[in-house]
Amino acid sequence: MFDRRRPRQPQLQLTNLSSLIAEGVEITGDLVFTGGLRIDGCVRGQLIGRTLDGAPPPLLVLSDRGRIEGGVRCGHAVINGTIEGDLEVEQFVELQAGARITGTIRYRQMQMDLGAIVQGRMERHDDT
């Protein structure tokens with residue numbers, strides 16, 4: 001009756017995280033990153049992932065201790081913390097159980113775990 005096969009999810013290379021904003025670190029201002037960025041601290045400002053020629057799309061990992069107050073734009077995202085602002089993900093976003101997002105999420109593919117909370121809109125990009 002129901003197709004029990006799970007859709008194939010992209011394999012994100014978490015080992016490619018090249019930058020870390022550690023717990024206890026607070027940054028105020030816009031931040032542009034390439035490659036991978038893990039946030040355990042707090043960022044107040046816009047976060048923009050920039051794709052380099054021939055490189056995989058930029059990956060943002062927001063831990064359960066991380067917080068972003070501002071908009072985010074990146075290639076892939078794994079969210080387990082708090083975002084107060086819009087989230088625009090070009091490809092795949094995973095909202096883990098601790099994710100708390102207030103704002104619009106724009107995405108192509110999404111996985112949302114039980115417990116994740118979105119207060120706002122979710123808009124899917126067309127594949128065309």
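**Salt bridges and the nonpolar core in a predicted model**

Good morning. I begin with Arg65, which is partly exposed at 41% relative accessibility; here buried means under 20% relative accessible area, exposed over 50%, and partly exposed in between, with a 1.4 Å probe and protein chains only. The structure is a predicted model, in which local features need pLDDT of at least 70 and side-chain atom pairs count only at pLDDT 80 or more, while totals for chains, interfaces and linings use all residues. Residues are numbered from 1 along each chain as its sequence is written, and side-chain values use heavy atoms, with hydrogens and water left out.

Arg65 forms a salt bridge with Asp64, their closest N and O atoms being 3.4 Å apart. By salt bridge I mean a side-chain nitrogen of Lys or Arg within 4 Å of a carboxyl oxygen of Asp or Glu. Asp64 is exposed, at a relative accessible area of 52%.

Arg38 is partly exposed at 28% relative accessibility, whereas Asp40 is buried, with a relative accessible area of 9%.

A further salt bridge joins the side chains of Glu69 and Arg44 at 3.2 Å, N to O. Because Glu69 lies in strand S8 (residues 67–69) and Arg44 in strand S5 (residues 42–44), this pair ties together parts that are 25 residues apart in sequence. Strands are DSSP runs of E, at least two residues, numbered from the N terminus. Glu69 is partly exposed at 25%, as is Arg44 at 33%. The search of the whole structure finds 10 salt bridges.

I turn now to the nonpolar core, defined as a set of buried Ala, Val, Leu, Ile, Met, Phe, Trp, Tyr and Cys residues joined through side-chain atoms within 4.5 Å. The largest has 23 residues, of which Ile39, Leu47, Leu60, Ile79 and Leu87 touch the most other members. Strands that each supply at least two residues of this core include S4 (36–39), S7 (59–62) and S12 (87–89). Beyond its neighbours within four places in sequence, Leu87 is in contact (heavy atoms within 4.5 Å) with residues including Val72, Ile79, Val93 and Ile105.

Finally, Leu31 is found in strand S3 (residues 31–33) and is partly exposed at 22% relative accessibility. Among the residues that Leu31 touches, not counting those up to four places away in sequence, are Ile21, Leu37 and Gln46. The C-alpha atoms of Leu31 and Gln46 are separated by 6.2 Å, the two residues being 15 apart along the chain.

Conventions:
Helices (H or I, at least four residues) and strands (E, at least two) are DSSP runs, numbered from the N terminus.
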